[in-house]
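Visitor: Could you walk me through reading a model like this one?
Guide: Gladly, let us look at it together.

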2 protein chains.
Amino acid sequence: MRADARRNYDRIVEVAREVFREQGYDASLDEVAKRAGVGPGTLYRHFPTRENLLDAIMQSWVDRVTETADKALAFEGSDRDLLLNWFEQYVALISQHKGGPAKLTSAMGDPSSPIRTKCQVLSESNGRVLDELRAHGSLRESVDAIQVSRLVGGVATIADNSDLDVAQVRPMLEVIADGLLT
Amino acid sequence: MRADARRNYDRIVEVAREVFREQGYDASLDEVAKRAGVGPGTLYRHFPTRENLLDAIMQSWVDRVTETADKALAFEGSDRDLLLNWFEQYVALISQHKGGPAKLTSAMGDPSSPIRTKCQVLSESNGRVLDELRAHGSLRESVDAIQVSRLVGGVATIADNSDLDVAQVRPMLEVIADGLLT
DNA sequence: TTGCTAAACGGAGAGTGCCTCCGTATTGTT
DNA sequence: AACAATACGGAGGCACTCTCCGTTTAGCAA
């Protein structure tokens, strides 16, 4: 990759992160290009679809998911609290920018999605937490990680769309947690 | 309302229902107007926003919600099955056209939404089912209708976005049901 | 019927976003 | 310095939203 290309690529991602945070994930891409000081052509060459751009943006914070799951697993307390704690963090992670929860959760389980790698990281992290609980024998049977990702992702999606705060989200996560645990 | 206005209003709603079913709720409104044989001006005079048009479309089938709740309440069987049965029908009802679950569930609890009356019908129906279970003493405390509408609506939203079938939705509804019941 | 007015129509067009094409510029190599 | 190869960028085509306003029509009254 040529030096100028690399420069533009990085700049676009940086600006896009900012614009998406301000205006939601359906902000104008021409606007992103303009603010980044490049032509629309350049943006679309690097990121043929909006999805590709999102993918690049999310990279950094999806990296944090695994790490967050590690911490959640080290939690000292009841299994229910462990799970709830993890769910809250999970919701926060996928809600970094508007439209994120819907995007990520809808692509869950779709092998042809451009953001499939992100989704895998998410459901794997959920899987690890579930395995831990299963090892404790406190998890109901026939629960799989994708289902849980969808359930919690669904709550996150609604919370995102309706601008709900943590206090309104928590009781819903409790219902899901109680439904999963024995 | 003048006769020609009434005629156009009805025709637009009818055509829109068809177009939205075919192309999802973000189909072109000019296209709707064209197919209805009216100018865009006419469409926008009757329905200043897309939301207003959706509102009119959904009227007919939101009417069926109350009726469906009645039937669900007459169900003979365990409380868990009653609840699951209702949830499945609820999901089917709000998933009549693409984008419906997200629209309806996101507006839940927002008094300024143009579709607030629809949402009220939905959460009231959920409320009635919950009251029944509460009367049986099989419902956990501190559960309210809007929360449940959001939880189940969240599942419906994800299912709608990812084209999930009933077999994939059911286990998620079971988790929610189990989380709600004692 | 005819005439009148309020109500309603409809389509041209401005504004905006998406995305592509291709002439121009930059990079890095020989 | 010359030359590919690579990348740039913006003009412009297309699609959609929404408005404005000149034209048409419904409904009523004489």
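Predicted model: local features only at pLDDT ≥ 70, side-chain atom pairs only at ≥ 80, totals over all residues.

Visitor: How is chain A divided into domains?
Guide: Domain 1 covers 1-48 and domain 2 covers 50-180. Their centres, taken over C-alpha atoms, are separated by 28 Å. The contact takes 14 residues from domain 1 and eleven residues from domain 2.

Visitor: And how should I read the size of such a contact?
Guide: The size of an interface is often given as the accessible area lost when the parts come together. Between domain 1 and domain 2 of chain A, about 1,200 Å² is buried, with 72% from carbon and sulfur atoms. A:R17, A:F20 and A:Y25 supply 49% of the area that domain 1 buries against domain 2, more than any other three residues.

Visitor: How many salt bridges and polar contacts are there between these domains of chain A?
Guide: There are zero salt bridges, but five residue pairs are in polar contact.

Visitor: Where is A:P114 found?
Guide: A:P114 sits in the loop between α6 (100-107) and α7 (116-136) of chain A. Leaving out residues up to four places away in sequence, A:P114 touches A:E51, A:N52 and A:D55. A:P114 and A:E51 are 63 residues apart along the chain, yet their C-alpha atoms are separated by 6.6 Å.

Methods: Residues numbered from 1 in each chain as written. Chains lettered and ligands numbered in written order. Heavy atoms only, no water. Helix = DSSP H or I, 4+ residues; strand = E, 2+ residues; numbered from the N terminus. Contact = heavy atoms within 4.5 Å. Domains from an automatic or database assignment. Buried area = accessible area lost by both parts, 1.4 Å probe. Salt bridge = Lys/Arg side-chain N within 4 Å of Asp/Glu carboxyl O. Polar contact = N/O pair within 3.5 Å; in protein donor to acceptor, adjacent residues only side chain to side chain.
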